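Thanks for coming. I will go through a few features of this structure, and you can follow along on the screen.

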Amino acid sequence: MAASNFLLFALLALVTSQVIASDPSPLQDFCVADIHSPVKVNGFVCKDPMAVNADDFFKAAKLDKPRDTMKSKVGSNVTLINVMQLPGLNTLGISLARIDYAPLGQNPPHTHPRATEILTVLEGTLYVGFVTSNTDNKLFAKVLNKGDVFVFPQGLIHFQFNPNHDKPAVAIAALSSQNPGAITIANAVFGSKPPISDDVLAKAFQVQKGTIDWLQAQFWENNHN
């Protein structure tokens with residue numbers, strides 16, 4: 001009986017660890033991503049450790065430099081540093097982003113399917129928030145000033161907005177995945193390829209099909225670089 005209980009506990013522990021884990025956990029000091037390998041796995045296969053050097057853990061990203069926000073319809077520019085830009089992040093479960101906001105600019109409602117996000121305001125003021133899942137759909141929102149920190153739980157829709165008419169804002173975000181992914185809600189719903197049936201969306205949003213057709217005809221740009 002004791003042995004069977006131990007095996008059951010071990011199995012439950014293994015299953016739980018797999019459910020909790022967002023990214024594959026490292027089984028060695030590092031596993032630098034071999035981006036060009038033809039082998040397909042969940043993440044990236046490891047580069048030969050003998051071929052790894054310091055540049056695999058480094059990127060001259062110039063995150064201290066302002067990004068152009070004026071070309072963006074939503075008035076923001078997201079500079080993401082994930083495993084695709086920094087192969088040394090493979091299996092480490094973390095990535096980073098600088099977000100620049102024009103006056104009245106926003107990072108529109110979106111979600112990260114694979115990561116929790118913690119955001120720090122470096123300059124300016126931001127109105128931020130997230131919405132919980134069905135059926136509550138409760139909004140948690142806050143005005144952040146320079147030096148303030150806010151957390152967006154994994155998978156929940158969230159946003160940031162610069163309420164100032166004449167001052168830009170800058171934030172740095174850390175995310176709990178080497179490749180957090182981003183789904184911008186408007187882009188996904190109205191800019192999908194091929195488009196979602198306007199019958200479906202008109203029913204879902206309780207509007208006329210003409211409204212949906214107009215929305216689908218807009219250019220839904222990506223503010224991520």
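The torsion about the S-S bond of Cys31 and Cys46 is about -105°, so this disulfide is left-handed. The pair links distant parts of the chain, 15 residues apart, with both Cys31 and Cys46 in the loop between α1 (2-20) and β1 (76-81). Please keep in mind that this is a predicted model.

Are the two cysteines buried or exposed? Cys31 has a relative accessible area of 4%, so Cys31 is buried, the cut-off being under 20%. Cys46 has 40%, and that makes Cys46 partly exposed.

Next, the annotated residues. An unreviewed UniProt entry carries the annotation "binding site" for Asn107, His112 and Glu117.

Where is Asn107? Asn107 belongs to strand β3, residues 106-111. Its relative accessibility is 3%, so Asn107 is buried. Beyond its neighbours within four places in sequence, Asn107 is in contact with several residues, including Ser76, Tyr101 and Asn223.

His112 lies in the loop between β3 and β4 (117-123). His112 is also buried, at 7% relative accessible area. Among the contacts of His112, again setting aside neighbours within four places, are Gln154, His158, Pro180 and Glu117. With Glu117 there is a polar contact between the two side chains, at 3.0 Å.

Conventions. Residues numbered from 1 in each chain as written. Predicted model: local features only at pLDDT ≥ 70, side-chain atom pairs only at ≥ 80, totals over all residues. Heavy atoms only, no water. UniProt positions renumbered as here; feature names shortened; annotations may be inferred. Helix = DSSP H or I, 4+ residues; strand = E, 2+ residues; numbered from the N terminus. Buried < 20%, exposed > 50% of the residue type's maximum accessible area, 1.4 Å probe, protein only. Contact = heavy atoms within 4.5 Å. Polar contact = N/O pair within 3.5 Å; in protein donor to acceptor, adjacent residues only side chain to side chain. Disulfide = S-S within 2.5 Å.
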